[in-house]
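Good morning, and thank you for coming.

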Amino acid sequence: MSPAAEAHVPLLQDRKPVRRGSVSGAVFNVSTSIIGAGIMSIPATLKVLGVIPAFVLIVIIALLADVSVEFLMRFTHSGESTTYSGVMRESFGQVGSVATQICVMITNLGCLIMYQIIIGDVLSGNGAAGVGHSGVLQEWFGVHWWNSRDIALLFTLIFIFLPLVLLRRVESLRFSSAISVLLAVVFVGISSAMAIYAIFEGKVNTPRLLPSLGKQTSFFDLFTAVPVIVTAFTFHFNVHPIGFELGKPSDMISAVRISLVLCAVIYFSIGLFGYLLFGDAIVADILVNFDRSSDSAMGAVLNDAVRLSYALHLMLVFPLLNFSLRVNLDELLFPQKPLLATDSRRFVLLTLGLLVFSYLAAIAFPNIWYIFQFLGSTSAVCLAFIFPGAIVLRDVHGISTRTDRIMATVMVVLAVVTSAVAISINVYNFFGNKS
């Protein structure tokens, strides 16, 4: 999209009179953008960090996310751009714009592939990586061709993903986003009920309040938990699409703050109750813990309910991430073309191309957890903290205060240091050099 075109309207709008979005719709869309695959790994961060440091880290990341969004919106309304990449173009030229578009594409495409992998695991199981498990469909109906991983994902793509990704306004997704948030609450509610029941049965171990350092966990391993929580609070790629459909800039700030509080409560709740439920046996993907056979029929039903509610939740998160991915890909490939909403042929081709590519990638690479972990240390942290901080420090509009510059500096330094340490530890562990 050209800068001239970009200055007139939001990302995907017709030239017809614009219907303004509602704050409630924005809250649901922002909350759905935040709560994605990251919720599954939050309990494992409590295992690494301990309950108190994990709670503090969740609060700090949420506060920094609020500050970074406020930076983005303030500099957006001080300039002429209506997109994240446009704001970066105003501050750092074409290099900044392209860097933002690439980070959005890497983060969102990686998440879309990951979501389909998780959905495939829940519905049809996964026999890869030496730890095979059956999916819900196979447990209920046995193994058949129609409930294989490929067919189950194809069915999901055609009948759930496709109708939702063809919607051209973010506000149109508010109802699916509301259901998505409700499903996340159901996921937390069932997990908490199971944990409370286990407490009364005396089947839980006392959780560690502080990290336990030893041969298995070093001080630097604690930094690997930071990218997980940063990724869990990375929604900045949808700030502009959602915000510019609202009537006032202050409405977006209010919606973001409500969403951050809601999501922080959900994250800490699932982290605490998941940790109480499974203790040190918890793994990076809590759904694997729920996969294990239960001692009772009711337990098996609850396990299936947790897994299915989460899979349905991810199905409804998918179109929101696809929205900003499609826009940034269009801006990168066709910068001089007219608005995407005015060219139905280009809109449909990009939409179908992204769906097919993410589907094939999810089928071809059924386990990309290490790649996802690296993304959290690189592109996600750039979008959430490094780029907004850099915009403030660059200050092309001359509106940064001394407090803004201090906050931006702290934000960038913390993001760079923790990401560098986390990447180093992940690479070290990945190649098996840890004794």
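This is a predicted model, and its chain averages a pLDDT of 83. A score of at least 70 is reached by 85% of the residues. Where is confidence lowest, and where is it highest? The lowest mean, 40, belongs to helix α1, residues 3-6, and the highest, 94, to helix α7, residues 149-165.

Let us turn to the overall fold. The secondary structure consists of 17 helices and 0 strands. Among contacts in the chain with a separation of 6 or more, 83% are between residues 24 or more positions apart.

Next, the surface. The chain has 435 residues, and 55% of them count as buried. Its accessible surface comes to about 18200 Å². Carbon and sulfur atoms account for 69% of that area.

Finally, the cysteines. How many disulfides does a search of the whole structure find? The number is 0. Consider Cys382, which is in no disulfide. The nearest cysteine sulfur is that of Cys103, 4.6 Å away, whereas a disulfide requires the two sulfur atoms to be within 2.5 Å. Is Cys382 buried or exposed? Its relative accessible area is 17%, so Cys382 is buried, the cut-off being under 20%. Cys263 is buried as well, with a relative accessible area of 0%.

Thank you for your attention.

Key: Residues are numbered from 1 along each chain as its sequence is written. This is a predicted model: local features need pLDDT of at least 70, side-chain atom pairs count only at pLDDT 80 or more; totals for chains, interfaces and linings use all residues. Side-chain values use heavy atoms; hydrogens and water are left out. Buried means under 20% relative accessible area, exposed over 50%, partly exposed in between (1.4 Å probe, protein chains only). Helices (H or I, at least four residues) and strands (E, at least two) are DSSP runs, numbered from the N terminus. Contact means heavy atoms within 4.5 Å. Accessible areas come from the Shrake-Rupley method with a 1.4 Å probe; for residues, only the protein chains shown count as cover. pLDDT is the predictor's confidence in each residue, from 0 to 100.
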